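Here's a quick briefing on the chain shown below.

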Amino acid sequence: MTFRADEINAGTVAIAIATATAKNTHEITIDNAYNHDLYIGGSAVAIGDGFSIPKGSVQTVKIANGDILYAISAQATAPFHIYDFQVDP
């Protein structure tokens, strides 16, 4: 198992925050402890049109098979913490 912890800054353009390899599943936990809302999804994620992670909340999602997870915010600088657990096959 591989683990990554990082602080990332989302903004008004979607950015890739995690990528899963074809043979690994990743459990992504996003800790949005700051005062802004985030949205996550695929490359076309948009503000108000993605999976919402409200300010002050923590959410966990799983990705696999080459999926790429993106994040966006209505603020130009929107920091959040990400914890990426890669489960080896």
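N24 is buried, at a relative accessible area of 5%, because anything under 20% counts as buried. Keep in mind that this is a predicted model. N24 sits in the loop that links β2 and β3, and the notes below start from there.

**Around N24**
- The N24 side chain has a polar contact with the side chain of Q86, at 3.5 Å.
- The side chain of N24 also reaches the backbone oxygen of V87, at 3.2 Å.
- What separates N24 from L69 in sequence and in space? The two are 45 residues apart along the chain, and their C-alpha atoms are 14 Å apart.

**H26**
- H26 belongs to strand β3, which covers residues 25-32.
- Is H26 buried or exposed? With a relative accessible area of 4%, H26 falls under the 20% cut-off, so it's buried.
- For a polar partner, the H26 side chain has the side chain of D84, at 2.7 Å.
- Beyond its neighbours within four places in sequence, H26 is in contact with T19, A20 and T21, with V61, K62 and I63, and with D84, F85 and Q86.

**S73**
- S73 is part of strand β7, and its relative accessibility of 1% makes it buried.
- Which backbone atom of D37 lies 3.1 Å from a polar atom of the S73 side chain? That would be the backbone oxygen of D37.
- A polar atom of the S73 side chain also lies 3.2 Å from the backbone nitrogen of Q75.
- If you skip neighbours within four places in sequence, the contacts of S73 include A10, G11 and T12, along with H36, D37 and L38. I47 and A78 are in contact with S73 as well.

**The nonpolar core**
- The largest nonpolar core has 16 residues, and the ones that touch the most other members are I17, I30, L69 and F80.
- Two or more residues of this core come from each of β1 (2-10), β2 (15-19), β3, β4 (38-41), β7 (68-73) and β8 (78-87).
- β8 supplies the largest share of the core, with three residues.

**The chain as a whole**
- How many helices and strands does the chain have? The count is zero helices and eight strands, which gives the pattern β-β-β-β-β-β-β-β along the sequence.
- Buried residues account for 36% of the 89 in the chain.
- Among contacts with a separation of 6 or more, 79% are between residues 24 or more positions apart.
- The radius of gyration is 12 Å, and a compact globule of 89 residues would be near 12 Å, so the two agree.
- Along the principal axes, the C-alpha trace spans about 35 × 25 × 15 Å.
- The chain exposes about 4,700 Å², and 53% of that is supplied by carbon and sulfur atoms.

How values were computed:
Residues are numbered from 1 along each chain as its sequence is written. This is a predicted model: local features need pLDDT of at least 70, side-chain atom pairs count only at pLDDT 80 or more; totals for chains, interfaces and linings use all residues. Side-chain values use heavy atoms; hydrogens and water are left out. Helices (H or I, at least four residues) and strands (E, at least two) are DSSP runs, numbered from the N terminus. Buried means under 20% relative accessible area, exposed over 50%, partly exposed in between (1.4 Å probe, protein chains only). A polar contact is a pair of N or O atoms within 3.5 Å; within protein, one must be able to donate a hydrogen and the other to accept it, and residues adjacent in sequence count only if both atoms are side-chain atoms. Contact means heavy atoms within 4.5 Å. A nonpolar core is a set of buried Ala, Val, Leu, Ile, Met, Phe, Trp, Tyr and Cys residues joined through side-chain atoms within 4.5 Å. The radius of gyration is taken over C-alpha atoms; the globule rule is 2.2 Å times the number of residues to the power 0.38. Accessible areas come from the Shrake-Rupley method with a 1.4 Å probe; for residues, only the protein chains shown count as cover.
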